[in-house]
Amino acid sequence: MENLPSFLLAGVTLTGSPGPNTLGLAAASAAYGLRRSMPLLVGSVVGVLAVMLATATGLTGLVLAQPGVAPVVSILAAAYMLYLAYRIATAPPMASGAGEQAPGFGPGLFLGLGNPKAYAAMAALYSGFIVLPNDPVGDAVAKTGLLLAMIVAVDVVWLLVGSALTRASQRPAVHRAINVGFAVLLVASVGLALVL
């Protein structure tokens, strides 16, 4: 358990730093509101949980080691993130009362599964730390439980940040600028995640 503080610090840093998932959630909350973004949050958490399980069992490494798979997965993930950024940038300001459908569970699931930063972060956290020595299964279960709690807390904070920015102004032009700003940050984070 001597690695637990280091694991927790690395986990909070890697899961809480701006990336496609966190910025996507904040952007959706800014564009569609906190309550309407909750299904996106749930889908995203389930998607990242699937990434954690695939990483913990070695499935991610096995699949991505196949020739040509990693670039295809990266292109599909980037295309979806660009689509999500477009939806957020073009969402009508909440003050307009427009009833555009907010991204739900399915898009959230793909947001979690298609996030290149999630794969890199989980690979680093699962392979770089041992929380329960001499118990590989218990170690993987402990890491998964701790990371899941961190991810839910971090994602809720990012939703609240997006929602707070939207509530800061009642002017539609400011809401539009917030939406576009988050969309640009989302695209930039995807670019960085793919490069690194």
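Which handedness does the crossing of α3 and α6 have? In this predicted model, the crossing of α3 and α6 is right-handed. The report below describes this helix pair, two further pairs, and several individual residues.

**Overall composition**

The protein chain contains 9 helices and 0 strands. Read from the N terminus, its elements therefore follow the order α-α-α-α-α-α-α-α-α. The chain has 196 residues, of which 44% count as buried. Among contacts between residues at least 6 apart in sequence, 82% join residues at least 24 apart.

**Helix pairs**

Two packed helices are described by the angle between their axes and the distance between the axes.

| Helix pair | Angle between axes | Distance between axes |
|---|---|---|
| α3 and α6 | about 35 degrees | 6 Å |
| α3 and α7 | roughly 45 degrees | within 9 Å |
| α7 and α8 | about 140 degrees | 11 Å |

Helix α6 spans residues 105-113, and its axis lies 6 Å from that of α3. On the α3 side, the contact is made by Pro-39, Leu-40, Val-42, Gly-43, Ser-44, Val-46, Gly-47, Val-48, Ala-50 and Val-51. On the α6 side, it is made by Phe-105, Pro-107, Gly-108, Leu-109, Leu-111, Gly-112 and Leu-113. By class, this contact of α3 with α6 comprises 12 nonpolar and 5 polar residues, with no charged residues.

Helix α3 (residues 38-57) also meets helix α7 (residues 116-128), the two axes crossing at roughly 45 degrees. The two helices are therefore oblique to each other. The crossing in which α3 passes α7 is right-handed. From α3, the contact involves Val-48, Val-51, Met-52, Thr-55 and Ala-56, and from α7 it involves Ala-118, Tyr-119, Met-122, Ala-123 and Tyr-126. The classes here are 9 nonpolar, 1 polar and no charged residues.

Helix α7 packs in turn with α8, at an angle of about 140 degrees. These helices are therefore also oblique to each other, and their crossing is right-handed. Met-122, Leu-125 and Tyr-126 of α7 make the contact with Ala-140, Lys-143, Thr-144, Leu-147 and Ile-151 of α8. This contact has 6 nonpolar, 1 polar and 1 charged residues.

**Residues of helix α8**

Lys-143, located in helix α8, is one of the residues in the contact with α7. Is Lys-143 buried or exposed? Its relative accessible area is 2%, so Lys-143 is buried, the cut-off being under 20%. Not counting residues up to four places away in sequence, Lys-143 touches Phe-7, Leu-125, Tyr-126, Phe-129, Ile-130 and Val-131.

Val-152 also has its place in helix α8, which covers residues 136-167. With 36% relative accessibility, Val-152 counts as partly exposed. Ser-44 is itself one of the α3 residues in the contact with α6.

Arg-167 is likewise found in helix α8. Arg-167 counts as exposed because its relative accessibility is 57%, the cut-off being over 50%. Arg-167 and Gly-33 lie 134 residues apart in sequence and 9.0 Å apart in space, C-alpha to C-alpha.

**Helix α2 and the residues with positive phi**

Gly-33 follows α2 and has a positive phi, near 100 degrees. Helix α2 comprises 13 residues (residues 20-32), which should span 18 Å at 1.5 Å a residue. The end C-alpha atoms of α2 are 17 Å apart, which agrees with that expectation. Because 13 of the 13 residues of α2 are buried, the helix is largely enclosed by the rest of the structure.

Where does Asn-134 lie? Asn-134 is in the loop between α7 and α8. Asn-134 has a positive phi of about 65 degrees, although it is not a glycine. Its relative accessibility of 83% means that Asn-134 counts as exposed.

Note on methods: Residues are numbered from 1 along each chain as its sequence is written. This is a predicted model: local features need pLDDT of at least 70, side-chain atom pairs count only at pLDDT 80 or more; totals for chains, interfaces and linings use all residues. Side-chain values use heavy atoms; hydrogens and water are left out. Axes are lines fitted to C-alpha atoms, for helices over the stretch in contact, and angles run from 0 to 180 degrees between N-to-C directions. Helices (H or I, at least four residues) and strands (E, at least two) are DSSP runs, numbered from the N terminus. Angles under 35 degrees count as roughly parallel, over 145 as roughly antiparallel, 65 to 115 as roughly perpendicular and the rest as oblique. A crossing is left-handed if the near helix is turned anticlockwise from the far one by less than a right angle, and right-handed if clockwise. Contact means heavy atoms within 4.5 Å. Ala, Val, Leu, Ile, Met, Phe, Trp, Tyr, Cys and Pro count as nonpolar, Asp, Glu, Lys and Arg as charged, and the others, Gly among them, as polar. The expected span of a helix is 1.5 Å times one less than its number of residues. Buried means under 20% relative accessible area, exposed over 50%, partly exposed in between (1.4 Å probe, protein chains only).
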